[in-house]
Amino acid sequence: MSAPSLRSRLAARGLDGTTLLILPGLIFILALFVYPFAFGVIDSLRPKEGAWYANYAKFFHDPYQYGTIAATLWLALPVTIVNLALAVPIAFRVRLMRRQRLLTTILVLPITLGTVFVADGLLTFLGPRGWFNHALMLLGILHEPLKLTNNYWGVFASLLITGFPFAFLLTLSYVSGIDPAIEQAAATLGAGPRQRFARIFLPLLVPGLAVTFCLSFVQAYAVFPSAVLLGAPAGPTRVISIAAYQAAFEQYDHSMGSAIALIMGGVELVVVVLVLAGRSLFYRGPAGGTKG
Amino acid sequence: MNAVAEHANPASVASGVGASRIGGRLELDGLRRSFGAYNALAGIDLAIEPGEFIALLGPSGCGKSTALNCIAGLLELTGGEIRLGGRRIDQLEPEKRGFGMVFQSYALFPHMSVRKNVGFGLAMQGIKGPEAEKRIRDALAMVRLESQADKLPGQLSGGQQQRVAIARAIVIRPPVVLMDEPLSNLDAKLRLEMRAEIRAIHDQIGSTTIYVTHDQDEALSLADRIVVMSQGNIQQIGTPEELYQRPVNLTVADFMGFRTRMPGRIVSVAGDEAEIEVDGSRFTGLARETFRAGENAALAIRPEDLVASATAPGIAATVVSIEYRGRAFFGLARTAAGAELYFRADEPLSRGASAYLSPAPQRALIFREDAA
């Protein structure tokens, strides 16, 4: 009896022709992620002057620099939370609609606009002489214009608009993944709408909402164009990506720029790990119910 | 036995044998439900006595599930009334009706253990502590799942999940238990086992049960009364025997296994019997509707009552297909005129051979053809 061929032995270990399909992706990941990332790490450890950790020491000794971590968190966390808080109820409503596709298209449209277009629109709309203030003053609700651009709120609004479609689409897919009969079963067993949400939907949605939170948060934490265009980039909306940009392209210290970028990644990683660790406290199996 | 029942703690009545009937008479009065221009329910009238086991039987799309969802409160009515014990309930939210429902997909809460699933309805009623524990234990015992109480639904087999769904529905002692094709996702053997269990549980808890199915065997073996539905209307209400022996029209007959129908012309009527001429042969059958001689009608008969043999007399036909089913052969034959006849044979007939079919006397029914 002959031994199985090399091909069938490899196939038994999950290596066959189909495995080759990952090659293009792998090459891209190596070339566009692993290599630049490794390059950035090494670059950040070779400061212009001082010991290998000098860039990091400098960043964490300068309030003007390390303050950007909190400033960015102060933008990204509330925006992410508000986005989720908006996405969940809207997804719940849209789930029951027959013309789901039309509404979903409208809600998702902001994705296609691009940050700069949104920023430009918001400047005109929310600015001191924009429609928003104009209308409120005409109605006599305001006596002087609210300052909504070139500060925290401008960036906040912009992040909300560009971030919402992502949060909404992800939430909608999780919400519609729950078998409607599960909710009906809860109703026949005496659970009112509030109890059905708190005891059935929420626990089943937590894992999905955690992932949505992470993706939305990372997106918001990397804010750059709207912080410059709509915010106060020298003041309260001097976010961490602005600090990295200034180090690398205004002071021509690419080593410092790399260090700040890595710190930014580190902060995101901490938040994501915390959220996903919290998620593991909940049920994570399929929410589509059971066999059927 | 009565003395025991009288002394029993009310909380344990449900687990006692011969439990008293709970809840009142359930009345459906002109129940209507339309989706746009489509009438899924076109006025259903039905009164169900406490403790009765009712099967809603019909092909898919006949409105039986719609009717069940309306009774549960999961669908709003577009007309009519539902009363329980004389009290109108059709305006109530499903959570205020207190009915137990068993879903086709089981609809267990995937993130809760079996115990929590079963206890959910009790928790919603504010029943806690030892009382809740006892009732959960009793309900799980009734479906023989005590040992699985701490598992998640995903760790159970389909049959076990269906049992949990039943325990979850009955633990709240509902006046009415609604079952929506609960066995359709199980394999044939398990289906038979669960069928017997469902009837046993019904007899034990004393609730009214409304059971939706498209399987006539299930309906015949389970129900006290069967309601045959078609196109949003009730075709016939009756005991399994009544439906099986005396369907009122061709639609019900079709559902009760009268697979063969032969169009013909009434020759004579005598009492409730009539003579009908089909393809030149004359047969006597039970007239289920009133006829006059000369009218068009159809003779309907079950395969087991239409016996084929290789020799005359009988309706001449050619065997199209034949299969062995243990005690007898069953097959399909076609007459020269093209009529298709489902027959039984005690001897193997070969495909393509001529056969002569004779209906068993008293077993053929005569209906109006356009009854559907």
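Is B:Asp224 buried, partly exposed or exposed? B:Asp224 is partly exposed, its relative accessible area being 28% (buried is under 20% relative accessible area, exposed over 50%, partly exposed in between, with a 1.4 Å probe and protein chains only).

The model is predicted: local features need pLDDT of at least 70, side-chain atom pairs count only at pLDDT 80 or more, and totals for chains, interfaces and linings use all residues. Residues are numbered from 1 along each chain as its sequence is written, chains are lettered from A and ligands numbered from 1 in the order in which they are written, and side-chain values use heavy atoms, with hydrogens and water left out.

**View 1. Salt bridge between B:Asp224 and B:Arg199.** The closest N and O atoms of the pair are 3.1 Å apart (a salt bridge is a side-chain nitrogen of Lys or Arg within 4 Å of a carboxyl oxygen of Asp or Glu). B:Asp224 belongs to the loop between α8 (216-222) and β9 (225-230) of chain B and B:Arg199 to helix α7 (residues 188-205) of chain B, so the bridge ties together parts 25 residues apart in sequence. Helices (H or I, at least four residues) and strands (E, at least two) are DSSP runs, numbered from the N terminus.

**View 2. Salt bridge between B:Glu49 and B:Arg25.** Here the closest N and O atoms lie 2.4 Å apart. B:Glu49 sits in the loop between β2 (38-48) and β3 (53-57) of chain B, and B:Arg25 in the loop between α1 (2-7) and β1 (26-35) of chain B, so the pair ties together parts 24 residues apart in sequence. B:Glu49 is partly exposed at 34% relative accessibility, and B:Arg25 is partly exposed at 35%.

**View 3. Salt bridge between B:Arg282 and B:Glu277.** The side chains meet at 3.4 Å, N to O. B:Glu277 is partly exposed, with a relative accessible area of 32%.

**View 4. A salt-bridge network in chain B.** Salt bridges with shared partners join B:Arg25, B:Glu27, B:Asp29, B:Glu49, B:Glu81, B:Arg83, B:Arg88 and B:Asp90 into one network. The structure holds 27 salt bridges over all chains.

**View 5. Lining of the second largest cavity.** Lining residues, which have an atom within 4 Å of a cavity point, include B:Phe53, B:Ile166, B:Val177, B:His202 and B:Thr209. α6 (158-170), β7 (176-180) and α7 of chain B each give two or more residues to this lining, and α7(B) supplies the largest share, four residues. A cavity is a set of points, on a 1 Å grid over the protein atoms alone, where a 1.4 Å probe fits but cannot get out.

How values were computed:
1 Å grid on protein atoms, 1.4 Å probe; cavity = no way out; pocket = protein on both sides within 12 Å on 5 of 7 lines; lining within 4 Å.
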